[in-house]
Amino acid sequence: RTMAALTRVFARLKTSPPLSLNFTIASTKGIRTNIRNLFARSSANIRQESSRGMSTTSNSTSAAMNIKSPEQILEYWFGSSREEWDRKSEAPNDAMDDLHVALWWGKRPGGRLPLDAAVVEGMDKEIATLFSETIHAGEEGFLTQGDTPWTEAKEPEGALALLILNGYMHKRIFRNHRQKVLENDEIAVKLASTIVAIGADTDKEYDYTVYERKFIYLALANSGDKEEADLGLAKLKELLEEIGIEGITNSVACLKTHIKNLELAWGRFGTNPYRKALKEEACTAEENEFINENPWL
């Protein structure tokens with residue numbers, strides 16, 4: 001059932017028309033500048049070119065590359081468009097919850113047992129096929145040139161899509177390139193910090209739903225910085241209060257377990273051992289045992 005749901009999502013995305021980046025949308029608040037500046041520092045591969053030169057390159061590149069729109073990225077990640085499921089406190093149906101458990105947490109339906117390695121590898125390959133060119137375009141600075149849905153405050157989907165692209169999809173493509181994962185994770189954390197700092201996460205004008213805000217806060221909670229992690233964990237707990245008992249699904253249960261594990265790790269070790277392992281810093285035997293008993297996807 002989970003793979004069937006994934007197949008439907010992939011089919012929709014693969015038949016969607018390519019994105020044109022030539023948008024002109026009126027500006028409102030200042031998140032556009034913050035996001036553009038973050039992407040300007042996204043990785044060592046970013047080109048340091050003038051706006052005029054980048055503008056010309058961006059147009060030609062977007063036509064040549066298979067760049068997805070923010071809406072396509074979010075539709076894939078949440079398993080449907082907002083029209084099909086509003087991503088608010090109402091729980092998704094069982095089939096969609098199975099999809100979330102698999103895609104977000106690497107678990108089989110029910111959320112208890114891990115997916116087979118072959119299934120995880122298959123999902124990683126699909127993400128790479130669908131979104132690697134969009135990630136590359138972001139690293140080269142093409143997504144944030146000019147007024148586009150990726151940078152406009154009136155298009156908060158762009159900010160959320162950038163965060164998911166860098167903080168979640170990227171690591172599925174580059175599992176064996178830890179430095180790249182860390183660099184793009186840092187973009188996601190800074191994006192999340194910016195969104196929370198200006199109050200966009202709860203501002204009705206931005207209209208982020210509870211299930212969308214989950215990934216903003218989770219980026220902070222997963223950080224190796226104690227202050228960022230504490231903020232993310234506190235925000236996630238508030239979110240669970242909003243979801244309420246009626247909204248508890250298997251994917252939400254996985255989130256609750258993840259929060260518990262992070263709090264246990266910080267309380268026991270005074271650090272995030274998952275981040276230490278990702279940075280290839282020496283972990284204690286107890287930290288390694290904790291990671292093995294409570295693995296991340």
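1. Read from one end of the sequence to the other, the chain follows the pattern α-α-α-α-α-α-α-α-α-α-α-α-α. The secondary structure amounts to 13 helices and 0 strands. The model is a predicted one, and the remarks below should be read with that in mind.

2. On the chain as a whole: of its 297 residues, 52% are buried. Among contacts with a separation of 6 or more, 70% are between residues 24 or more positions apart.

3. Helix 4 and helix 7 deserve a look as a pair. Helix 7 covers residues 156–173, and the two helices pack with their axes 9 Å apart, at an angle of about 55°. The crossing of helix 4 past helix 7 is left-handed.

4. The contact surface between these two helices can be listed by residue. From helix 4 come Pro70, Glu71, Ile73, Leu74, Tyr76, Trp77 and Phe78. Helix 7 contributes Glu157, Gly158, Leu160, Ala161, Ile164, Leu165, Tyr168 and Met169. Some of these residues also belong to an aromatic group: Trp77, Phe78 and Tyr168 form one cluster together with Trp104 and Phe215.

5. Aromatic pairs number 12 in the structure. One of them joins Tyr76 and Phe131, edge-to-face, with 5.1 Å centre to centre and 65° between the planes. Tyr76 belongs to helix 4 (residues 70–78) and Phe131 to helix 6 (residues 117–139), so the pair ties together parts that are 55 residues apart in sequence. Both Tyr76 and Phe131 are buried.

6. Another aromatic pair, also edge-to-face, is formed by Tyr274 and Phe290, where the centres are 6.2 Å apart and the planes make an angle of 65°. This pair links distant parts of the chain, with Tyr274 in helix 12 (residues 273–278) and Phe290 in helix 13 (residues 285–293), 16 residues apart. Tyr274 and Phe290 are both buried.

7. Two lysines are placed over aromatic rings. The charged end of Lys180 sits over the ring of Phe174, 4.6 Å from the ring centre. Lys226 lies over the face of Trp266, and here the distance to the ring centre is 5.7 Å.

8. Thr134 is a residue of helix 6. Its relative accessibility is 0%, so Thr134 counts as buried. Beyond residues up to four places away in sequence, Thr134 touches Asn66, Ile67, Lys68, Ile73, Leu143, Trp150 and Leu165.

9. Glu286 belongs to helix 13. With a relative accessible area of 43%, Glu286 is partly exposed. Apart from neighbours within four places in sequence, Glu286 is in contact with Arg268 and Phe269. Glu286 and Phe269 are 17 residues apart in sequence, with 8.9 Å from C-alpha to C-alpha.

10. Asp94 is found in helix 5. A relative accessibility of 57% puts Asp94 among the exposed residues. Asp94 and Pro109 are separated by 15 residues in sequence and by 9.1 Å in space, C-alpha to C-alpha.

11. Backbone geometry calls for a check at two positions. Most residues other than glycine have a negative phi. Arg87 is not a glycine, yet its phi is positive, at about 65°. Arg87 lies in the loop between helix 4 and helix 5 (94–105), and at 4% relative accessibility this residue counts as buried.

12. The other position is Glu280, again a residue other than glycine, with a positive phi near 60°. Glu280 lies in the loop between helix 12 and helix 13. Its relative accessible area is 62%, so Glu280 is exposed, whereas Arg87, with a positive phi as well, is buried.

Notes. Residues are numbered from 1 along each chain as its sequence is written. This is a predicted model: local features need pLDDT of at least 70, side-chain atom pairs count only at pLDDT 80 or more; totals for chains, interfaces and linings use all residues. Side-chain values use heavy atoms; hydrogens and water are left out. Rings of Phe, Tyr and Trp (its six-membered ring) pair if their centres lie within 6.5 Å; planes under 30 degrees apart count as stacked, over 60 as edge-to-face and the rest as tilted. Helices (H or I, at least four residues) and strands (E, at least two) are DSSP runs, numbered from the N terminus. Buried means under 20% relative accessible area, exposed over 50%, partly exposed in between (1.4 Å probe, protein chains only). A charge sits over a ring if NZ of Lys or CZ of Arg is within 6 Å of the ring centre and within 35 degrees of the ring normal. Axes are lines fitted to C-alpha atoms, for helices over the stretch in contact, and angles run from 0 to 180 degrees between N-to-C directions. A crossing is left-handed if the near helix is turned anticlockwise from the far one by less than a right angle, and right-handed if clockwise. Contact means heavy atoms within 4.5 Å.
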